[in-house]
Amino acid sequence: MTGRRPTRSTFLRGLIGRSRATRTGALSAGALVACASLAVGCGIVPGATGGSGDDPITVMTWAPQDTGATNKPGMPAFAQAYARWINDRGGLAGRELNVLTCNDHNDGIAAAKCARRAVKENAVAVVGSYSQHADSFFPVLEGAGIPYIGGYGITNTEFTSPLSYPVNGGQPALLAGLGSTLADSCGPVTLVRPDTIAGDQLPVLLDSGLTAGGHERAHDQRAAEDATAYDGQSGQALERTTTDPAEPGCVVPVLGDRTGTFMDSFRRAREEYPEVGTASVLGSVDQTVINASGGASGPYEGAYVTGWYPAVNDPAWDAMKKVIKEQSFGDNDVDAADAGVQTTWIAYTVLKAAVESLGDGEVSADTLTRALDDGLKIDTGGLTPPLQWEFADKLASVGFPRLVNAEVTLQVVRQGRLVSARDDAVDTTRTLQNADVA
């Protein structure tokens, strides 16, 4: 039994939902000021305050760096670059923006320490950040009333906390959209995911898309997130997805930075098995990973990848690329194709809009939160639909009340390049509404 429907349609047909209008134009270059002075661990700017009158505005951006698992150094690096760039242009609503950074080390204790540092330094928001340890840092931020704007979307708490303002649909949307696609194109599906608390949330999300398309659930295969090889896991995944030669299966590795390590093992193992498809999500696969693995001759050729945003060659990214060119040229951590860098750009766009909506008034954690909660609608220049957070949104019934952007894009690796597989983004709201995430 493969769970397949009698008639198979094309790969793209399975991505169910409404399309976003074709994006045109570039993001507004917008005005965030900046000054960032960072050292090892958490960088701080002495004397930074929340932001009243002409006082500086202090925010923090954090992410794991130099760990044995997933690392996102481009997020804090880009936050610093963006701050320098916009500071040269007069500031954020006439105020200086001080950016603090922190390394959460992929560790709950370190993540809580970053949050406590944000409180101590009077940060008005945590912006464009990545951490798997929501249970450690959110209680600290919530206790101090500090909003979390534009987190990466790696944990479900980012879509439940009243002080979270996500700019994308996180792992829920990526996996639901990918499952919808694979339902119409794959036989047995195996999900290879981290054996972590965050990883435990992934199977049900992929299954929501698969079952919506009439497919059986994926096999859930756990793997260490910091392994140096995945020979055994590759063989197991291939055994489960090649049981019926008439129904080629699909292997879906979602291991963050270790996805490339898995695919190295998978490339060697697959030579002994019938052909299978591969697919993943942005964040586990990007252009730099594809290049490092051999490009068109590497293991990703033909793989489908769901993402949150347009492909990096879309003109809507031109303003972000200008910041990188002027302030981060030569910094290998800051890559325009990195979903973390892209998320940080959009998160700071949200911060900019919220601050500007306050006019000459006080900029604090409380005033920013009120502005975002009072119906402020934010245009991201076509990179996302207009963002607006309401008390209970469409996905509150399935436990994601803060998820306001459930759109995903579908990309494919062709001749070693990650390119759009369809013109428009697709809304996964309906698929997620039917997900069994209780």
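Two strands count as paired if DSSP finds at least two bridges between them. Helices (H or I, at least four residues) and strands (E, at least two) are DSSP runs, numbered from the N terminus. The model is predicted: local features need pLDDT of at least 70, side-chain atom pairs count only at pLDDT 80 or more, and totals for chains, interfaces and linings use all residues. Residues are numbered from 1 along each chain as its sequence is written, and side-chain values use heavy atoms, with hydrogens and water left out.

**Strand β12 and its partners**

Strand β11 (residues 304–307) runs antiparallel to strand β12, to which 4 bridges join it. Within this pair, Thr306 stands opposite Leu410 of β12.

The hairpin of β12 and β13 has 2 residues between the strands, and Gln415 takes a positive phi near 50 degrees in it. A further antiparallel pairing, over 2 bridges, is that of β12 with strand β14 (residues 426–427). Val408 has Val426 in β14 as its bridge partner.

Strand β7 (residues 189–194) has 6 of its 6 residues buried, so the rest of the structure largely encloses it. It pairs in the parallel sense with strand β8 (residues 219–223) over 5 bridges, and Pro194 stands opposite Ala223 in β8. From β7 the chain crosses through helix α5 (residues 202–212) to β8, a β-α-β crossover that is right-handed. Right-handed means that, with the strands pointing away from the viewer, the path from the first strand over the helix to the second runs clockwise. β7 is also parallel to strand β9 (residues 250–253), with 4 bridges in the pairing; Val192 stands opposite Pro253 in β9.

Helix α4 (residues 170–183) has 14 residues, which at 1.5 Å a residue should span 20 Å, and its end C-alpha atoms are 20 Å apart, which agrees. The expected span is 1.5 Å times one less than the number of residues. Because 14 of the 14 residues of α4 are buried, this helix is largely enclosed by the rest of the structure.

**Disulfides**

A disulfide is taken as a pair of cysteine sulfur atoms within 2.5 Å, and by this rule the count comes to 2.

| Pair | Sulfur atoms apart | Angle about the S-S bond |
|---|---|---|
| Cys102 and Cys114 | 2.2 Å | -85 degrees |
| Cys186 and Cys250 | 1.8 Å | -75 degrees |

The link of Cys102 and Cys114 is left-handed. Cys102 lies in strand β3 (residues 97–103) and Cys114 in helix α2 (residues 108–120), so this pair ties together parts that are 12 residues apart in sequence. Both Cys102 and Cys114 are buried.

The link of Cys186 and Cys250 is left-handed as well. This pair links distant parts of the chain, 64 residues apart: Cys186 is in the loop between α4 and β7, and Cys250 is in strand β9. Both Cys186 and Cys250 are buried.

Definitions and conventions:
Buried < 20%, exposed > 50% of the residue type's maximum accessible area, 1.4 Å probe, protein only.
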